[in-house]
Amino acid sequence: MSILPPAWAAMRRSADHYAQFATEIERIEGDIDLFRQGLKLLTDISPDPERVQARLERERDMLRGAPQPPRQALERSMGQPDYQDACVLQRIVGYSRCVGRIVLAGGEFGTGWLVGEGLLITNHHVLPNRAAAAGAHVTMGYERTEDSQPQPGETFRLLPEEFFLTPRETQPDDPYEELDFTVVAVEPASQLGKPLTTYRHVTLDGGLGKIIEGENCLVIQHPNGDFKKVVLRDIRLLKVTDQPGADQHLFYESDTEPGSSGSMVVALGTGEIIALHNAGVPRRDARGNYLKKDGSLYQPGDRDESIDWVANQGVRVSKIVEALGLLPPQAGPETRRQALLGGLLRKNTPLNPAPLPPATDAPLPAPAAVGPPAPAGSPRVPYLLRLATGRVAAEYARQAVLSHFPAGQLRSLVPEESRSALAGYVVLDLPAGGDPWAVAAQLETIDGVMEAEPDLPQRTTSGLAGQDLAAAPRATEGGFLGIWEDGRSKWNEEKFLRHWAGSVHLRGLDSNVSADLQQIRGWNRRATGFDRLTAQHLDAAAVAALSDLRIGQFDTGYSDHSKLHGGYDLTADYDLVGDDADARDELDSGVLKAPGHGTRTGSVLVGVAAAAGIGNGHDGNAGFLRTAPQGAAGVLLTPFRVAKSVILIDRVSELVRGVHMAVDSGYPVLTMSMGTLGNSALEAVARYAYERGTIWCCAAGNEVRFVIAPGKYPGVICVAASNANDGPWDGSCRGPEVDITAPGEDVYVPILTDDDDEDMAYGSGTSYATPHVAAAALLWLARHQHALAYPEPWQRVEAFRFCLTTTARPASQLPKDRYGAGILQVDALLLAPLPAVDQLRHAYAESRRPGIERGPAEREPLALRELTYKTWQQVLGAAPVAGTTGPGARELQGFSAGLSPHAQVAARVLESQSSLTGRPLARESTAAPAANAYERLRALQALQTRSKPTYTAPPVAPPPAGPPSSPPPAASPAKLSRAPGGSKSRRKSS
């Protein structure tokens, strides 16, 4: 069969790529021969020790419980390819079901495989544009049975009008240098009515360690359009590299023919898909002429089979995964791409680097003692380290850390292949002993460690609703808070009605009238326009898109409260605290516990209209995403459990890892009704989400008056709280970092009573304001599903901020410099035209590092970080309590030591420079230590204030009803000002 011009172009490119590594590949081929003779170890073939280490870690996971060490098991299982774990073969058989034969309009063939729900992947040179795909079909099951009987398979049309994604559409003769892949929709049933789901689909893994040079791989293909074939002979990976400019492909031995383009390449050792086959590599002479197997020059008209193929090239799966997270589809809704990305969620893999080799120079000095040695079995303290950038520098820093602290255990914070600033962070677990901040100071003296900080528990402000920071007792969003808290509350409607009778949003309503009572309980809907939504705001297409969108919640997890029955996506939830796949809120009572917070905040989003477990006529106030127009009820909330309690975030690193995981998985909207002090890693992940177009809605915080993290970071949408009179909730944090205000005082939410019965009550906190804006963000994305074609992902976040703030309802009691643009008005938001590109401003435009996020160029002095943390813990009441022992006692030790000498100096410097904060600082005294600490904390936070884009739209006519318009390419800019300063198969009941 003749090779088509697009395939020839792909082969020319593959030959050029191969030429860059020809010498290295020849060396690897020689080492493979030595390995086959038993003269060389397989793990010594690869020139990349980090890749070998990652492969060993995968083998460790696969051989969990095996009697021999991973390296020995790896060498044994791969040293003589005579046997293979049956589970890997079963996986490969499953992969084979997903592979089909592509038939083009001209009768040419290719191969493709199902990579998502109703989606097929193949090469760009097979389907370079939508027109080519429209005339093609795929035959699934075109193969022989176990008794060699031919099966004609089932034919499915390709539907590029429903979804089509490739780096760039081209014509056959156009030059093309991007990644050689295309993803296209497939019709759900064959011409004979067989469901496409019969053949299932694969889940791509973008992680490292699936294969190393010299290891076996196989190819599943339809060569020359023939029945499905699997190349099973001794095939070896020849080259894979992360060298910039050459990291998109890998090379391997194999025999392929025309029609094999788009084949699946699988690592035999791990059973993981490693590449999308895209071209054979023909041998060339010094002048670039193609050679035949007999050594003569290939001439036009010669048989293609006569070419001397030296290798094959495939597009790396990790690069495809990376591209899928960045590229918008040429056709089809963005939600389809997000659904595809949803199958790419993967668990972070710990990193255990090899020990330092024997040094020829003098050894590194031993660390000075920081306290008495910890007894055996004592608890460990995690430290968050930011290392030098670059593979060599980072690996050196890891090994230097472990040489100084040999009892330490090191792991990556996020997947190693991540291109974000978070890739430079690792977590070091050390035995507890002495002041952790003194240990952090020692860590920062190690060459290659740019920043070190103990990852200690941090109090949140979500449990402070109603608290006077200078006095006690204090009340939470659910009720009274002592040191012991059970999260229970009671129905309080009579008090609510007495307090708010005659207020703006209750005026004219009679609580004795059933219909009016429901409006009273949903006053927050009236205040924000959710009760005014119609098909004009969300047509049938938008509602359909809404059901495909996903929203992630970072909170205390989910519960079985009937108010949220059926509202959770429990196939993708994750518990970052327990590091497992069940984000259930354990609802534990105890020291610093406040269970059920995730249930209450989640109800604002997905609470049902009629909860089976709530009696006495107390039910009401259904979630915004359950009551959208056109009967939309398919939106599910994915819970990510990042804290045992709303009062305490045990480890900020767990929150950072969870957000990074959700962003990588394609969640377009995240909501977080908790907040805390934060650190550089939390700031970095906020920017990571922003640069990738994720709208992260965060609470401004409660009671401490200044905006907390992550709400204070420029890339997030920060929400303050209002009340039924359009005034501020007294406990709401406020400041220039706030973008918008939404109802948060006395919002009707589900509770558990002291008798563990389900009920409802009015609760307060910015925790309840935040889901209003998150719901609006999801509706806005559904409304504009086909119009959000901005060139940069961050512009999607800014377009939402623009529409959100320019349609907000001003309120005289809510100054804009403290409460943002006004009160959320979702009905106006959805009808607002999208801004032009030139109207949008990057949230980090004032940074010296514009564009894609980078790690901070310098670190804040450790003494200031220690001072800030210990002051924060003191102010929020986390000082040790005399006589407190048992479960929860460790959480109370966040402020377990006085200020170090360096931190004391920092406190004195802050006092002397108090004019920077605009208010005098009270010196420390025994009379009012809490008040003095609070003033210090405010001064420290004022120094960290960051500006955000603020927008004022020019007057425009009300937009017409109907489908949304695309963002105009240019417009007169708005006035702008700046404020100062894997899928899981299980399903749990919900």
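These questions and answers cover a helix pair and a sheet in a predicted model.

Reader: How do the axes of α10 and α22 run, roughly parallel or roughly antiparallel to each other?
Author: Helix α10 spans residues 436-443, and helix α22 spans residues 862-875. Their axes come within 11 Å and cross at roughly 160°. Angles over 145 degrees count as roughly antiparallel. Therefore α10 and α22 are roughly antiparallel.

Reader: Is the crossing of α10 and α22 left-handed or right-handed?
Author: Two packed helices are described by the angle between their axes and the distance between the axes. For α10 and α22, the crossing also has a hand: right-handed.

Reader: Which strands stand at the edges of the open sheet?
Author: Seven strands form the sheet, in the order β26-β28-β25-β30-β31-β32-β33, with parallel pairing. A strand with a single partner has one side left without a neighbour in the sheet, so the edge strands are β26 (574-575) and β33 (740-743).

Reader: Which residue in β30 stands opposite Ile551?
Author: Strand β25 covers residues 551-555, and β30 covers residues 669-672. The two pair in the parallel sense over four bridges. Opposite Ile551 stands Val669.

Reader: At what angle does α19 run to β32?
Author: Helix α19 (residues 794-806) lies across β31, β32 and β33. Strand β32 covers 717-722. The angle of α19 to β32 is about 25°.

Technical notes: Residues are numbered from 1 along each chain as its sequence is written. This is a predicted model: local features need pLDDT of at least 70, side-chain atom pairs count only at pLDDT 80 or more; totals for chains, interfaces and linings use all residues. Side-chain values use heavy atoms; hydrogens and water are left out. Axes are lines fitted to C-alpha atoms, for helices over the stretch in contact, and angles run from 0 to 180 degrees between N-to-C directions. Angles under 35 degrees count as roughly parallel, over 145 as roughly antiparallel, 65 to 115 as roughly perpendicular and the rest as oblique. A crossing is left-handed if the near helix is turned anticlockwise from the far one by less than a right angle, and right-handed if clockwise. Two strands pair if DSSP finds at least two bridges between them. Contact means heavy atoms within 4.5 Å.
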